[in-house]
Amino acid sequence: MNLDSLKVFYVAANNNSFSQTAKDLYISQSSVSLQIKHLEEQWDCLLFERTTKKVSLTPAGEVLYRQVKKLLSVMKETENELQQLKGFVHGDLKVGASLTIGEHILPFILAEYNRQYPKVNMDLKVYNSEQIVEKLHKHEINLGFIESMLSYPALKQVPFAEDELIIIVSPFNKHIDSTKISVEELLHLPFIIREKGSGTRQVMEDALRKNKINPENLNIIMELQQTETIKSAVEAGIGISIISKSAVKKELQLQTIKQLKIDGLSLHRSFYMIYHEEALSQTSRKLIEMINNHPM
């Protein structure tokens, strides 16, 4: 049994594409097809149904996929245990994080991680929540960090930090002359918001509903994709927004924006780690361990 061929098969099954598998593994598409063909000849069965647009697993392919997944998990666990016996941590740590966490939370965590494990090569990339799930399924990242729970029971999701969403406004906004407003005033003020599908927007809308405020009643004048753009628009006096307090610490200190409060309104949420527990690398286990030992 050729382990390299099994790895190619596993990636192809996750991608439903030989061409994408070739790109992911940095080999030719003909090499992917050849290794799949060798496996099919070895077991005398068809593993993939081929069409012009994609490939999909046959019943035999489904059986092999389940077993290969177990095999790769055992191999990863064995590698982790052997490395731990050597007494040091090294290798790659590939992390995907949502925008707020990736820009304002993780850099400080990874700085401490680097001090403890200097031989680990760290790679942090910012994705939206759906992309993080996709990257985890394809094993392109070891560990994800998201801003709200997702409906993926195959992935473990663990809260690791608490965050507060706050209402922000320019100190020079002509519509507001105090730091406290009513719910009725909130619904009439020009509102700047993250785009639909954003984890921050989902959490904000859920929090508003819990406080008996229908987000559909907000006076939304602008939808933006980047937190930094929202902060700039608020600073310019275009409108107000709801944003993570961790993302505006500097602006609050410099007083380029101010926080608005509403009596009885509390917008808190948890940040989550998300991962395939059976496929965790030694480097990602150490990061989880470090975070759990120093809760935020």
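Trainee: What covers the buried residues of α2?
Mentor: This is a predicted model, so keep that in mind. The cover over the buried residues of α2 includes α1 (3-15), α3 (29-43), β1 (48-50) and β2 (55-57).
Trainee: And which residues of α2 are buried?
Mentor: Phe18, Thr21 and Ala22 are buried. Helix α2 itself runs over residues 18-25.
Trainee: Where on the helix do the buried residues fall?
Mentor: Look down the axis of α2. Its buried residues fall within an arc of 100°, so they line one face of the helix.
Trainee: What comes just after α2?
Mentor: Tyr26 does, and Tyr26 takes a positive phi of about 60°.
Trainee: New topic, aromatics. How many aromatic pairs are in the whole structure?
Mentor: A search of the whole structure turns up 6 aromatic pairs. Take Tyr10 and Tyr65 as one of them: their ring centres are 5.1 Å apart and their planes are at 10°, so the pair is stacked.
Trainee: Why call that stacked?
Mentor: Planes under 30 degrees apart count as stacked. Tyr10 and Tyr65 have their planes at 10°, so their pair is stacked.
Trainee: Which parts does that pair tie together?
Mentor: Tyr10 lies in helix α1 and Tyr65 in helix α4, so the pair links parts that are 55 residues apart in sequence.
Trainee: Are Tyr10 and Tyr65 buried or exposed?
Mentor: Tyr10 is buried, and Tyr65 is buried too.
Trainee: What about Phe18 and Phe48?
Mentor: Their ring centres are 5.4 Å apart, with the planes at 90°, so this pair is edge-to-face. Phe18 lies in helix α2 and Phe48 in strand β1, so the pair ties together parts that are 30 residues apart in sequence.
Trainee: Buried or exposed, Phe18 and Phe48?
Mentor: Phe18 has a relative accessible area of 9%, so Phe18 is buried. Phe48 is at 0% relative accessibility, so Phe48 counts as buried. The cut-off for buried is under 20%.
Trainee: Which residues form an aromatic cluster with Phe18?
Mentor: Phe9 and Phe48 do; with Phe18 they form one aromatic cluster.
Trainee: Now the surface. Which residues form a nonpolar patch there?
Mentor: Leu3, Leu71 and Met75 do. Together they have about 200 Å² of accessible area.
Trainee: Where is Met75 found?
Mentor: Met75 is in helix α4, residues 59-86.
Trainee: What is the relative accessible area of Met75?
Mentor: Met75 has 32%, so Met75 is partly exposed.

Key:
Residues numbered from 1 in each chain as written. Predicted model: local features only at pLDDT ≥ 70, side-chain atom pairs only at ≥ 80, totals over all residues. Heavy atoms only, no water. Patch = residues over 30% accessible without salt bridge, like charges linked within 9 Å, V, L, I, M, F, W, Y side chains within 5 Å. Areas by Shrake-Rupley, 256 points an atom, 1.4 Å probe, with all protein chains shown as cover. Salt bridge = Lys/Arg side-chain N within 4 Å of Asp/Glu carboxyl O. Helix = DSSP H or I, 4+ residues; strand = E, 2+ residues; numbered from the N terminus. Buried < 20%, exposed > 50% of the residue type's maximum accessible area, 1.4 Å probe, protein only. Arc of directions from axis to C-beta. Contact = heavy atoms within 4.5 Å. Phe/Tyr/Trp six-rings, centres within 6.5 Å; stacked < 30°, edge-to-face > 60°.
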